[in-house]
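Dear colleague,

I am passing on the structure we spoke about, with the sequence alongside, and below it you will find my notes on what turned up when I went through it. Please read them with the coordinates open.

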Amino acid sequence: MSEYAQFNENEKDCLQELMNISYGAATAAIADIINKEATLSIPNIQTVTTKEFKDYLKEKLLNKIEYFITNQLISGSFCGETMFVIDRKSTENLALEFDLDEDEVKDDDELKDVILEISNIITSTTLSKLAGLIETSISFSPPQVEIVKNSESFYRNYINEYDHIIIISTDIIFKEQNISGELLILSKDEATIFLKEALNRVLEEF
């Protein structure tokens, strides 16, 4: 990644604060739907190469555990892709909160429908809020979902897509329902530079 596309500490702090606000709006939207309280971890921001992204996924996607992973393209000045990662047990617990019965939560197609709906709400709410805060506009493709059993097969889809990647991640936790998911935002250098310039405009206002 070019040096200009790296975040300095002030930019990183500013982005972290804006993401806190944005994720909070998404969590509130989901909490309203299932009428349960949720908490957020502090957003973690990293800039990585594709190799480092592979290591990140390898650490994230534990062996012998299945994950539902959605991806959704972002178009506009700040373009890229989002990923929502949630393990099967959390997915089943989330589906029960959406009033699926015990038989339905064993049906992968039913679970995929729930995750697609949740992912779409989290992504559109979070990114729309962020876009408003940095005074730009973006649009989204419909989300897609797949069930992943290891990082290798999943990582191959990204080798040629991104030279460098910003990982902005936070855990969304519904503690009593034992539900935990992570939202990742992936962007290319051009989008990162646009975001840096937008963050500096925000910083100049304070």
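The secondary structure of the protein amounts to six helices and eight strands, and, read along the sequence, these follow the pattern α-β-β-α-β-β-α-α-β-β-α-β-β-α. Please keep in mind throughout that this is a predicted model. The protein has 206 residues, of which 47% count as buried. Among the contacts between residues at least 6 apart in sequence, 74% join residues that are at least 24 apart.

The helix pair α1 and α4

Helix α1 (residues 9-34) and helix α4 (residues 108-133) pack at an angle of about 145°, and their axes are 8 Å apart; the crossing of α1 past α4 is right-handed. On the α1 side, the contact is made by Leu 18, Met 19, Ile 21, Ser 22, Tyr 23, Ala 25, Ala 26, Ala 29, Ile 30 and Ile 33, while α4 contributes Ile 118, Ile 121, Ile 122, Thr 125, Thr 126, Lys 129, Leu 130 and Leu 133.

Leu 133 belongs to helix α4 and is partly exposed, with a relative accessible area of 30%. Setting aside its neighbours within four places in sequence, Leu 133 is in contact with Leu 18, Ile 21 and Ser 22, and also with Val 202. Although Leu 133 and Ser 22 are 111 residues apart along the chain, their C-alpha atoms are separated by 8.7 Å.

The two sides of α2

Which residues of helix α2 (residues 50-60) are buried? They are Phe 53, Tyr 56 and Leu 57, and because these three cover an arc of only 95° around the axis, they lie on the same side of α2. The other side of the helix carries Lys 51, Lys 58 and Glu 59, which are exposed.

Not counting residues up to four places away in sequence, Thr 82 touches Thr 70, Asn 71, Gln 72, Ile 74, Thr 123, Leu 127, Leu 183, Leu 184 and Ile 185. With one of these, Thr 123, there is also a polar contact of 3.4 Å between the two side chains.

Lys 196 is found in helix α6 (residues 189-204). Is this lysine, Lys 196, buried or exposed? With a relative accessible area of 7%, Lys 196 is buried, and its side chain is joined to that of Glu 11 by a polar contact of 2.8 Å.

Loop residues

Pro 142 lies in the loop between β5 (138-140) and β6 (144-148), and at 65% relative accessibility Pro 142 counts as exposed. Pro 142 and Gln 72 are 70 residues apart in sequence, yet 6.3 Å apart in space when taken from C-alpha to C-alpha.

Two further loop residues may be worth a look for their backbone angles. Asp 99, in the loop between α3 (88-97) and α4, has a positive phi of about 70° although it is not a glycine, and with a relative accessible area of 69% Asp 99 is exposed. Glu 135, whose place is in the loop between α4 and β5, has a phi near 60°, again a positive value in a residue other than glycine. At 68% relative accessibility, Glu 135 likewise counts as exposed.

Definitions and conventions. Residues numbered from 1 in each chain as written. Predicted model: local features only at pLDDT ≥ 70, side-chain atom pairs only at ≥ 80, totals over all residues. Heavy atoms only, no water. Buried < 20%, exposed > 50% of the residue type's maximum accessible area, 1.4 Å probe, protein only. Helix = DSSP H or I, 4+ residues; strand = E, 2+ residues; numbered from the N terminus. Arc of directions from axis to C-beta. Axes fitted to C-alpha atoms, helices over the stretch in contact; angles between N-to-C directions. Left-handed = near helix turned anticlockwise from the far one by under 90°. Contact = heavy atoms within 4.5 Å. Polar contact = N/O pair within 3.5 Å; in protein donor to acceptor, adjacent residues only side chain to side chain.
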